[in-house]
Amino acid sequence: MIGNKIKPAEIRGTMTVNELIGQMDGCAFGAGRISRACDILEEMQADDVTKFFGLSGAMVPAGMRNIVSDMIRDGYIDILVTTGANMVHDIIEAVGGCHTFGTETANDFDLRSQHINRIYDVYLEDSCFEGLEKKLQGVFGGLDQSKIYSIRELLTEIGKNLDDKHSILRSAYESDVPVYCPAIQDSVIGLQAWLYNQTGKMHVDAFKDMRELLDRCFEAKRTGALLIGGGVPKNYVLQCMLVTPREGYDYVIQITMDRAETGGLSGATLEEARSWGKVGENSKTVQVYCDATIALPMMLAAVNERKQKK
C-alpha cells in the first residue's frame with residue numbers, strides 16, 4: 001500500500017526544537033519515529049491519561065537527572081518505575097557526590113587502583129558512596145521498626161530526607177508521585193539495607209507495592225507509557241495490564257538501542273507486546289531506535305514548546 005510522499009526536511013538557522021521536529025515529520029527512519037513519538041507524548045498529556053514512565057539504563061550518570069525530576073514536577077509522570085541503580089546515583093548527587101567525564105578507552109585496572117568506577121565514559125569515585133551510605137543508614141535508622149514498608153514507601157522515606165530540589169526521589173515525594181523499584185535488591189540501596197539489618201531491624205515487603213499499583217491501573221480512564229530501554233521497569237509497567245479488565249495501554253513510546261532478534265525484553269517490539277495483551281489493539285505506539293540521552297531531551301523540548309503555545 002502506497003503512503004504519503006516523503007517530504008524532505010529543511011533546516012533554517014533560527015529554528016526552535018519543535019520546528020525541527022516538524023521538519024522531521026515528513027521523513028522516514030528514525031527522524032519520522034521521533035516526530036511521531038512527540039505527537040503521542042503530547043496526546044498523552046490529556047487530563048484523563050495516567051502516565052507511566054519506565055526508566056532503565058544509566059540515565060542519571062549520563063546527565064538526565066534534572067530532566068526526569070522536571071518531568072515529575074511538570075506532570076509528565078504519574079507513576080515512575082525505575083532501577084535501583086538510577087536511584088543510587090540520584091541519591092549520590094543529592095548528598096554532594098558527582099559524576100565526571102571519563103573515557104571508554106581507559107585502562108580499567110588503573111581506574112580500579114585509583115578507586116574510580118567507570119560507566120562507559122562517566123567516572124564515579126569510590127568516595128561518593130560514603131555519603132550515600134551515611135544518608136541511607138540514617139534514613140533506615142529513623143524508620144518505624146514495627147511497620148512493614150513497601151519498596152515504594154521506603155523510597156518515599158528516602159526522598160523525604162533529601163534536600164536537593166533536582167533529586168528525582170525528592171521531586172517524586174513533593175509531587176506525590178509513587179516510585180516503584182521492584183529490583184531494588186539489585187543495587188547499592190539493597191546492599192545498604194542488608195548491612196543495616198545485620199545490627200538493626202527494618203521490614204520491607206517486596207510484594208506490597210502490587211496492590212497499590214494495580215489499584216491505580218484499575219482506576220485509570222486511559223493509560224500511557226513512556227519506556228526508556230527495557231529490563232525490569234519495562235516489564236513491570238506493561239505486565240500491569242494482564243490483571244486488569246483493560247485491553248492494554250492506549251499509548252506507548254519506547255526508546256531503545258536494542259534489537260528484537262535476541263528475544264531480550266529491551267529489544268522486544270511493542271507489536272510483540274500486543275500478543276500478551278499489554279498493548280491495546282487500537283493503541284498509538286512508536287518504537288524509537290535511538291540513544292535515549294538524545295531522543296528524550298528533544299522530545300521534551302518539543303512538547304514543552306507546544307504546551308506553552310497552547
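Arg 118 stands opposite Tyr 123 in β5, and Ile 116 has Glu 125 as its bridge partner in β5. These pairs belong to β4 and strand β5 (residues 122-125), which pair in the antiparallel sense over four bridges. Two strands are said to pair if DSSP finds at least two bridges between them. Strands (E, at least two residues) and helices (H or I, at least four) are DSSP runs, numbered from the N terminus. Two residues lie between the strands in the hairpin of β4 and β5, where Tyr 120 takes a positive phi near 55°.

This is a predicted model: local features need pLDDT of at least 70, side-chain atom pairs count only at pLDDT 80 or more, and totals for chains, interfaces and linings use all residues. Residues are numbered from 1 along each chain as its sequence is written, and side-chain values use heavy atoms, with hydrogens and water left out.

Now for the rest of this sheet. Its three strands form an open sheet in the order β3-β5-β4, with antiparallel pairing. At the edges stand β3 (100-101) and β4 (116-119), each with a single partner strand, so one side of each is left without a neighbour in the sheet. β3 is joined to β5 by two bridges, and Thr 100 stands opposite Tyr 123 in β5.

## The six-stranded sheet

Another open sheet has six strands in the order β7-β2-β1-β9-β10-β11, with parallel pairing. Its edge strands, β7 (179-180) and β11 (279-289), each pair on one side only. Strand β10 (residues 249-256) runs parallel to β11, and seven bridges join the two. Among the residues to look for is Tyr 251, whose bridge partner in β11 is Lys 284. Helix α13 packs on the sheet and touches β1 (49-55), β9 (222-228), β10 and β11; the direction of α13 makes about 135° with that of β10. Such angles run from 0 to 180 degrees between N-to-C directions, and axes are lines fitted to C-alpha atoms, for helices over the stretch in contact.

Is Val 279 buried or exposed? Val 279, found in strand β11, is buried, with a relative accessible area of 2%. Buried means under 20% relative accessible area, exposed over 50%, and partly exposed in between (1.4 Å probe, protein chains only). Val 279 touches residues including Tyr 249, Val 252, Leu 270 and Ala 273; contact means heavy atoms within 4.5 Å. Val 279 and Cys 240 are 39 residues apart in sequence and 11 Å apart in space, C-alpha to C-alpha.

## The nonpolar cores

A nonpolar core is a set of buried Ala, Val, Leu, Ile, Met, Phe, Trp, Tyr and Cys residues joined through side-chain atoms within 4.5 Å. The largest one here has 64 residues, and those with the most contacts inside it are Phe 53, Ile 253 and Met 299. Helix α13 (residues 292-309) gives the most to this core, with seven residues. Apart from it lies another core, of 19 residues, among them Cys 217, Leu 238, Tyr 249 and Ala 273.

Met 299 touches several residues, including Ile 34, Leu 41, Leu 226 and Ile 253. Ala 301 has its place in helix α13 and counts as partly exposed, at 31% relative accessibility.

## Two helices side by side

How do α3 and α8 pack? Helix α3 (residues 65-73) and helix α8 (residues 168-175) pack at an angle of about 5°, with their axes 9 Å apart. That makes α3 roughly parallel to α8. Angles under 35 degrees count as roughly parallel, over 145 as roughly antiparallel, 65 to 115 as roughly perpendicular and the rest as oblique.

Among the residues that meet are Val 68 and Ile 72 in α3, and Ile 168 and Ala 172 in α8. By class, this contact has four nonpolar, three polar and four charged residues. Here Ala, Val, Leu, Ile, Met, Phe, Trp, Tyr, Cys and Pro count as nonpolar, Asp, Glu, Lys and Arg as charged, and the others, Gly among them, as polar.

Technical notes
Lists of a residue's contacts leave out its neighbours within four places in sequence.
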